[in-house]
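I opened the notebook to look up a few side-chain pairings and the packing around them. Here is what I went through, in the order I checked it.

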Amino acid sequence: NLLGTYSGGFVNDNFSGNGTFQFSSGDVILGEFAVNKFRQDSLLGVNPYIKGEPHGCVEINFAGGGIYIGQMKYSRICGKGRYESSSGEVFSGMFENGYLHG
């Protein structure tokens with residue numbers, strides 16, 4: 001895979017359950033994965049029907065040193081979470097499409 005490698009649970013050849021996805025950029029997502037059969041685009045590849053994507057409780061370690069711990073909904077940072085930048089800035093609360101909301 002040009003985007004990275006996945007290790008973890010599979011169901012019917014799809015990413016499912018707990019797993020780790022390491023992107024070629026150095027970012028790493030650890031947590032829960034599932035398949036969204038209703039969406040056409042996916043962070044993890046062009047065909048979410050085959051691959052699966054982060055969905056549920058995750059930890060994202062960004063190559064630049066930041067870390068996010070919280071919820072994702074089908075590859076989107078969404079729900080309760082905490083982001084700490086590489087410089088130590090902390091953003092905590094409800095996220096919507098990757099942005100702190102409220």
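**Salt bridge**

I found the side chains of Arg82 and Glu84 meeting in a salt bridge, 3.3 Å from N to O. The term stands for a side-chain nitrogen of Lys or Arg within 4 Å of a carboxyl oxygen of Asp or Glu. The structure holds one salt bridge. I am working with a predicted model, where local features need pLDDT of at least 70, side-chain atom pairs count only at pLDDT 80 or more, and totals for chains, interfaces and linings use all residues. Residues are numbered from 1 along each chain as its sequence is written, and side-chain values use heavy atoms, with hydrogens and water left out.

(Buried is under 20% relative accessible area, exposed over 50%, partly exposed in between, with a 1.4 Å probe and protein chains only.)

**Aromatic pairs**

I searched the whole structure and got 10 aromatic pairs. (Rings of Phe, Tyr and Trp, the last by its six-membered ring, pair if their centres lie within 6.5 Å; planes under 30 degrees apart are stacked, over 60 edge-to-face, the rest tilted.) One of them is Phe15 with Phe33, edge-to-face at 6.2 Å centre to centre and 85 degrees between the planes. Phe15 sits in strand S2 and Phe33 in strand S3, so this pair ties together parts 18 residues apart in sequence. (Strands are DSSP runs of E, at least two residues, numbered from the N terminus.) Phe15 is buried at 7% relative accessibility, and Phe33 is buried at 3%.

I then looked at Phe21 and Phe23, a tilted pair at 4.7 Å centre to centre and 55 degrees between the planes. Both Phe21 and Phe23 are buried. Ring pairs link Tyr6, Phe10, Phe15, Phe21, Phe23 and Phe33 into a cluster.

**Core**

I checked the largest nonpolar core next and noted 12 residues, including Phe15, Phe33, Ile60 and Met72. (Such a core is a set of buried Ala, Val, Leu, Ile, Met, Phe, Trp, Tyr and Cys residues joined through side-chain atoms within 4.5 Å.) Strands S2, S3, S4 and S5 each give two or more residues to this core, and S2 has the largest share, three residues.

**Around Lys73**

What does Lys73 contact beyond four places in sequence? I listed Pro54, His55 and Cys78 (contact is heavy atoms within 4.5 Å). Lys73 is in strand S5, and its C-alpha is 4.8 Å from that of His55, 18 residues apart along the chain.

Terms used:
Helix = DSSP H or I, 4+ residues; strand = E, 2+ residues; numbered from the N terminus.
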